[in-house]
Amino acid sequence: MTFKTIIEPFKIKSVEPVSGTTCKQREALLQKAHFNLFQLPAEAVLIDLLTDSGTSAMSARQWAAMMEGDESYAGSRSFTLFRDCVQRIFGFKHVIPTHQGRAAERILFSVMCKKGDVVPNNTHFDTTRANIEYTGAEAVDLLIPEGRNPSLIHPFKGNMDVKALEALIDRIGARRIPLVLLTVTNNTGGGQPVSMENVKAVHSVCCKHGIPLYFDACRYAENAYFIKLREPLYSEKKPREIAQEMFSLADGCTMSAKKDGLANIGGFLCTNDDALRQQEENLLILTEGYPTYGGLAGRDLAAIAVGLEEALDEDYLHYRIVSTSYLGTHLAQEGIPIVQPPGGHAVYIDARAFLPHISPALLPGVSLSCELYLAGGIRTVEIGTLMFAENAHMDLVRLALPRRVYTQSHLDYVVEVVIHVWNNREKIRGMEIVYQAPFLRHFTARMKPV
Ligand code: F0G
């Protein structure tokens, strides 16, 4: 007998209390934060869906591994465990630890990119785009058109537009393209997966023109599970085998272990290229640390080595994808416009459709995320005009689910709050920016309602 209820595949050994604030308190807190939810003290947040990054609950096995962390400066045993684990799953020749994903990006792009270069991706994440632009190169998004239509259902809305990639290469020449990136899953485009068929097609274009292919691999396990669920050829394969096949088609990757590494900090950069490795390690030593720790404690490396394996567990992945879809489906049933189908790590509300009376220039995503906080103490993040300015194709509010942290009743509460805001949406006003930084402005921008 099998039962239909899908349970969290863990029991809770250690708890962290959360408590609410009053609406009046939240009003004052929002004012003080200049309507930027990054500026809120975390204890003033009841349910924190700001990000799935670094917010996972670690397992008993990870905590046990941390106690065994080897803190030697050079040649740490924890590094060996970490490197071997990454090589088993990712299969790349060189593994360079970094303190998080963007450090890997900075090193990779500093070595590979220069002014005049162009780096295509399905969709660049904010730090990826910023690190590329910082080298003087241009970051271009080549997502399939279906990926830009929030309500359209398509199994692999994270796919790269292969024809657009070929057209770009024809137009500017392969020599100006130092690498092609594929972000799995496509965070900025709704946490949507990339199919193996698409990976193969992009790989073959890259091979034809001698351009290296890299993965932005943060959510590789969730992407592998979507391939298993949605690509018939892979339905019998293990997520690990799918991940291995995917990475076998690439020359390297950047990784934030704060996502599918199930760790609170950490990342890495991989490459098969000996010469690049040397340059990358030289830069690593300059700012991150010696190549056997790369800015991390030995215990962090140990936790990642366990987390990467746990993230490929099928019971875990099933629970993970089903709980995100549970949240998305319950919102969609009420008519709330979300990016369809729900993504792997998050549900994205389409703020332009939710608040059609607020033009993109008046930041509908920021307005909606402030309202969700005011109404129920829920913190979300805008992925839209504030984050990407004129490069924003959509205005989304992301409800990112930390891994193994919230239960189904937490999600039921979130659904209730979003429905309440939906029923009162006509009263919501737009926002204008009163201060912004030159890079990654969304972290520190100050806003006010108009
Ligand atoms: N690439 C993608 C696709 C990401 O989602 C992130 C981080 C990074 C790179 C950078 O990794 O944070 O370890 O330096 N995303 C987080 C988020 C911050 O909230 O989506 P990092």
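Let's start at the ligand: one of its oxygen atoms has a polar side-chain atom of R219 2.9 Å away, which counts as a polar contact (a pair of N or O atoms within 3.5 Å). The protein covers 94% of the 470 Å² of accessible area that the ligand has on its own, with areas taken by the Shrake-Rupley method with a 1.4 Å probe. Keep in mind that this is a predicted model, where local features need pLDDT of at least 70, side-chain atom pairs count only at pLDDT 80 or more, and totals for chains, interfaces and linings use all residues. Residues are numbered from 1 along each chain as its sequence is written, and side-chain values use heavy atoms, with hydrogens and water left out.

Stay with the ligand for a moment. A nitrogen atom of the ligand sits 3.0 Å from a side-chain N or O atom of K259, while a polar backbone atom of G101 is 2.8 Å from a ligand oxygen. In total, 17 residues surround the ligand, and the closest are T51, R102, S256, K259 and R398; a residue is near a molecule if one of its heavy atoms lies within 4 Å of it. Helix α4 (residues 101-112) supplies the largest share of this shell, three residues.

Now zoom out. The protein chain has 16 helices and 14 strands, which are DSSP runs (H or I, at least four residues, for helices; E, at least two, for strands) numbered from the N terminus. Its C-alpha trace spans about 60 × 55 × 50 Å along the principal axes. Of the 450 residues in the chain, 58% are buried, where buried means under 20% relative accessible area, exposed over 50% and partly exposed in between (1.4 Å probe, protein chains only).

Because 11 of its 13 residues are buried, α11 is largely enclosed by the rest of the structure. Among the buried ones are L301, I304 and L308, along with D300 and E310.

Finally, have a look at some backbone details in the loops. The peptide bond from V184 to T185 is cis, with omega near -20°, and T185 sits in the loop between β5 (180-183) and α7 (196-209). Another cis bond runs from Q340 to P341, with omega near -10°; P341 is in the loop between α12 (314-333) and β9 (346-350). A389 has a positive phi, near 45°, though it isn't a glycine. You'll find A389 between α15 (385-388) and β12 (396-400), in a loop, and it is partly exposed, with a relative accessible area of 28%.

Technical notes: A polar contact is a pair of N or O atoms within 3.5 Å; within protein, one must be able to donate a hydrogen and the other to accept it, and residues adjacent in sequence count only if both atoms are side-chain atoms.
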